Amino acid sequence: MDLEELYDRFGDRAYHYLYIKLGSAGDAEDVLQEVFYRLARYSIRLKFIRRPAAFVFQIARNEANRFLKKKIHEKNGCRKNTGLCEIISNSISGKDEESVQILSASLAQLPEEQREIIVLKFFEELTFKEIASACGLSINTAASRYRYGIAKLRSLMEGKL
Amino acid sequence: MKIQNDQKTEDFLNNFSRKPAPPELKEKILNEARRERAEKRVMTPMLWKVGLICSASILTFLLLDTFILPNQKRYIASLVGTQPVIRIQKQDESLLFLAKLLNMTQEAENMTWLKAKLLRKHKSNRNNRYEEFLRLKEELNEDKI
């Protein structure tokens, strides 16, 4: 599998995931670039990857965490998480604007680890096995976070739809 | 009831999809990645060639070494000097040949016999080499008588 094929299969999905995780299109592009630098350095070994989706998202997640750590360190330990709702609504499309807004507001209120699993499952179309591998979790943990996330999302959206 | 509601939530979520990434992003990312790969490449085409030639040479050497006859190995070792027994044998053969030419076969055979015996005793009696030599000489004289 070469770089172009990897990008065609996972580039857009990884960008979307990074955009929601980092909250900025510019940062998402920078981190995605780092991800592909890293993949380019793997060169021959890319042919032997068994689960490419999990591999790419694991690198993307690690790079995003490294980026955030650096950013937090530069800003003396405080990370602004404002406008998450707006970021999510800019990155997804639905049948009507109102439902997009409701879903974005609800997703923004979820704990980060639950939101991450739901985003990976629904928008990036990863399986639980791939999510677990990418996030360094067991499959059961990933599945239970997903279930809690869905339950919380349902309670947040109740009465709004 | 809860499962049904969760199922509804999942169905609701399935109505949404991600927006596509900017169209020029792919070219930008891939060009940069390729440039990075070209810059930081460890194995240049020249290094690949050198590596292949070295590997082929080593492989050929190992194969030849496996298939070479044991006698040839011994002969080569004698020429190199790692096996003195063979070297002496070869010298003795030449000596016998020379002795035949000079009609001194008996003397040459005696010398060869003495040398061979000495060589057999060499390892075990390194310290008493001289005494052993004398003893063997006497033995030879007795044999002659």
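**Figure 1. Exposure of A:E86 in the predicted model.** In this predicted model, A:E86 counts as exposed because its relative accessibility is 52%, and the threshold for that class is over 50%. The residue A:E86 lies in helix α4 of chain A. A:A108 is 22 residues away from A:E86 along the chain, and the C-alpha atoms of the two are separated by 9.0 Å.

**Figure 2. The largest nonpolar core.** This core has 61 residues. Those with the most contacts inside the core are A:L18, A:L32, A:F36, A:L39 and A:L103. Helix α1 of chain A, which spans residues 3–22, gives the most to this core, contributing eleven residues. In soluble globular proteins, nonpolar side chains tend to be buried together.

**Figure 3. Surroundings of A:L39.** A:L39 is among the residues with the most contacts inside the largest nonpolar core. When neighbours within four places in sequence are left aside, the residues in contact with A:L39 are A:L3, A:L6, A:L46, A:F55, A:V56 and A:I59.

**Figure 4. Helix α7 of chain A and its packing.** Helix α7 of chain A comprises residues 128–135, and its buried residues are A:E130, A:I131, A:A132, A:A134 and A:C135. These buried residues pack against three helices of chain A, namely α3 (52–74), α6 and α8. Just after α7(A), the residue A:G136 adopts a positive phi of about 70 degrees.

**Figure 5. The interface between chain A and chain B.** Contacts at this interface involve 39 residues of chain A and 27 residues of chain B. Together the two chains bury about 3200 Å², of which 64% is on carbon and sulfur atoms.

**Figure 6. Polar and charged pairs across the interface, and the chain A side.** Between chain A and chain B there are six salt bridges. B:R18 and A:E125 form a salt bridge in which the closest N and O atoms are 3.7 Å apart. Eleven residue pairs between chain A and chain B are in polar contact, both residues being at pLDDT 80 or more. On the side of chain A that touches chain B, at least two residues each come from α1, α2 (25–42), α4 (84–91), β1 (92–93), α5 (97–109), α6 (112–123) and α8 (139–157). Helix α1(A) gives the most to that side, with eight residues. Sorted by class, the side of chain A that touches chain B has 20 nonpolar, nine polar and ten charged residues.

Methods
Residues numbered from 1 in each chain as written. Chains lettered and ligands numbered in written order. Heavy atoms only, no water. Core = buried A, V, L, I, M, F, W, Y, C linked by side-chain atoms within 4.5 Å. Buried < 20%, exposed > 50% of the residue type's maximum accessible area, 1.4 Å probe, protein only. Helix = DSSP H or I, 4+ residues; strand = E, 2+ residues; numbered from the N terminus. Contact = heavy atoms within 4.5 Å. Buried area = accessible area lost by both parts, 1.4 Å probe. Salt bridge = Lys/Arg side-chain N within 4 Å of Asp/Glu carboxyl O. Polar contact = N/O pair within 3.5 Å; in protein donor to acceptor, adjacent residues only side chain to side chain. Nonpolar A, V, L, I, M, F, W, Y, C, P; charged D, E, K, R; others polar.
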